[in-house]
Amino acid sequence: MTGVATRPRRLILLFSGPRSGSNYLVDILNKIPGTIAVSEIFNPRAVYGLNLHPMLEARMLKDFGSQDALWREMRMSPETSMTRLLDGVPPEMKVIVKVLPNQVHARAMKQIIEQHAMGAIFLTRKRLDQFVSLRKALMAGDWFHADTTSLRPEVHCGGFLSWTAALEDWLRDMVSIANTAGIVDVHLNYERDLRDGTARDIAERLHARLAPLGIANSPDEMASESWYTRQDRSEDPFDKISNKDALRAELARIGYLDEALRAPRVGSAPEDTPPPDLVANPAAGASLIRQGDFGRLRAALYRIGRDVAPGDSRPEDLPSAAHGFERFTFVCGLHRSGTTLLHDSIAARFDVATLHHDSAPRSEGQFLQYALPQEAPFGGPGHFAFAPQMTPQPVRDRRRAADLRQQICGTWAPHTDKPDHPHLLEKSPTNLTRIGWLRSVFPTARFVVLVRDPRAVSLATRDERPISLDLLLAHWQAAHLSALSQMAEDCHVLRYEDLCEDPDRELDRIGAFCGLTPRAVPGPATEIRPSNAHDLRHWPDDLYFAPDLKIWEVFGYTL
């Protein structure tokens, strides 16, 4: 009987967040005999790191045909790509592959670990230092050699909390997968193991830490100078930012100051306790109430909808890019109100930039940014307007508003058909309850508020979601009451029924109000036809919902 040969396990995965010293570590590991270390081969922009190993890169390009084909395969079939990469490396060599958050889906990573991995390295860094380093690198536009000591970005508490919580959730998921697979895992810390000392000091520390993986016979194999250098010479993270007093006070207020100055420990015995995920574990909220820890409870509530979680509609990665946006038209209206129809009709008639992304439902902007929570954790269609988090207060600080505008536009720009166009058209149902916030961040914006008969909206929503009609009617009331309280001269209100009756008239009014320029060659026309009559035949006669204030009557509807 002939046995089936199994491939030796020689893959070591390096998990870390950006700006954790991972490139420096890869550079050190690459110098160890019998080891190949590659950088971000699963990066959503391009395959990075293979160029350090020309023979391996040449073989991979020969197999796939081109850099674009290789990149697509890495993104679409990471398990198969990893197998082919390992096949291209001599069998006696260990292979170390760096992976950053959300570059590989957890299901695919589980298969990679189960099939190939012999071990994993988890690299962490002090939370605030890492976040500020990332902000500075983005400001400088240089990830390796720029001296960023003099840069002083403004750091806002909400953005920092959301970012670090998402990173730590991902790291814990990877630890769980590695532990379930039974592979060796090693935990490194940038400040403790990589930052200080001579090359020999660092080599001795790493040799001791990495001994369970057996990737270096002696410190001498690792002790050589790296071409990577520290980009920021400041020691205190608060000295690296422009609003240090305000940020320190806010972190102290929510009980997160000490945690911000520590690195997460992502193993089985974490030394830090970030705010819990109340969606996955609501009992943790009850525990915080019993303890009287309302600071961490507020921080946990703030995280909801901002973290990228399993099943999130947002893409795995949202890179930032330059843009030319100066004016904005926001389409506002509940799900099933005709907002997609209106958005597409405006885009076909007028010269505007629009958003497009396969991962974002109907290419809505709410799924292509991290500054505002998305709707899903608050119930989505038929529920979201009940949550106070979906009606944020306007941003009063002008500098913060400008920072948010730049942040959002930066993540939108890579997903628009015309990033240099001055006028952006965006549509998200959640805009309806965020008019005031959007106005404060986008002061040149115009808002087109589309309203449809609440019975038609409720019936159409119930066709997709098992929600009672009385609750859907109450949601319509709550959403439009919120919108009414935020409307001003920059809002144009349009009824769906009027749009169906005379599309040309209503679209021309929108164009004039928003200052839109007609397209030289109109795009494909979207058919606009009434559908309320069909929907309303199914409205029950005995449904009773009669608040004293009937918002639908303000818009001219009678139930």
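This is a predicted model: local features need pLDDT of at least 70, side-chain atom pairs count only at pLDDT 80 or more; totals for chains, interfaces and linings use all residues.

Trainee: How many residues of H4 are buried, and which ones are they?

Mentor: Seven of the ten residues of H4 are buried, so the rest of the structure largely encloses this helix. The buried ones are Pro78, Glu79, Ser81, Met82, Thr83, Leu85 and Leu86. Helix H1 (residues 22-29) is largely enclosed too, because seven of its eight residues are buried. In H1 those are Ser22, Tyr24, Leu25, Val26, Asp27, Ile28 and Leu29.

Trainee: You listed H3 as a packing partner of H4. How do I describe two helices that pack?

Mentor: Two packed helices are described by the angle between their axes and the distance between those axes. Here, the axes of H3 (residues 67-76) and H4 (residues 78-87) come within 5 Å and cross at roughly 120 degrees. That angle makes H3 oblique to H4.

Trainee: Which residues make the contact between H3 and H4?

Mentor: On the H3 side you'll find Glu73, Met74, Arg75 and Met76, and H4 brings Pro78, Thr80, Ser81 and Leu85. Sorted by kind, the residues of this contact are four nonpolar, two polar and two charged.

Trainee: Okay, on to strands. What's the general idea of a sheet?

Mentor: Strands of a sheet pair through backbone hydrogen bonds, either parallel or antiparallel. In this model, look for an open sheet of four strands in the order E7-E6-E8-E9, with parallel pairing.

Trainee: Which strands are at the edges?

Mentor: Strand E7 (423-427) and strand E9 (491-495), since each pairs on one side only. From one strand to the next, the twist averages 15 degrees. Zoom in on strand E6 (residues 327-332): five bridges join E6 to E7, and the two run parallel. Phe328 stands opposite Leu424 in E7.

Trainee: What about the nonpolar residues? Where should I expect them?

Mentor: In soluble globular proteins, nonpolar side chains tend to be buried together. The largest nonpolar core here has 54 residues, and those with the most contacts inside it are Phe328, Phe330, Trp412, Trp437, Phe442, Phe447 and Trp476. Helix H18 (residues 469-486) gives the most to this core, with six residues. There's also a second, separate core of 39 residues, including Leu11, Leu50, Ala120 and Ile183.

Trainee: What does Phe447 touch?

Mentor: Leaving out residues up to four places away in sequence, Phe447 touches Phe330, Cys332, Ile435, Leu438, Arg439, Asp490, Cys491, His492 and Phe513.

Trainee: Now a single residue in a loop. Is Glu154 buried or exposed?

Mentor: Buried counts as under 20% relative accessible area. Glu154 has 14% relative accessibility, so it counts as buried. You'll find Glu154 in the loop between helix H6 (127-140) and helix H7 (157-181).

How values were computed. Residues are numbered from 1 along each chain as its sequence is written. Side-chain values use heavy atoms; hydrogens and water are left out. Axes are lines fitted to C-alpha atoms, for helices over the stretch in contact, and angles run from 0 to 180 degrees between N-to-C directions. Angles under 35 degrees count as roughly parallel, over 145 as roughly antiparallel, 65 to 115 as roughly perpendicular and the rest as oblique. Contact means heavy atoms within 4.5 Å. Ala, Val, Leu, Ile, Met, Phe, Trp, Tyr, Cys and Pro count as nonpolar, Asp, Glu, Lys and Arg as charged, and the others, Gly among them, as polar. Buried means under 20% relative accessible area, exposed over 50%, partly exposed in between (1.4 Å probe, protein chains only). Two strands pair if DSSP finds at least two bridges between them. A nonpolar core is a set of buried Ala, Val, Leu, Ile, Met, Phe, Trp, Tyr and Cys residues joined through side-chain atoms within 4.5 Å.
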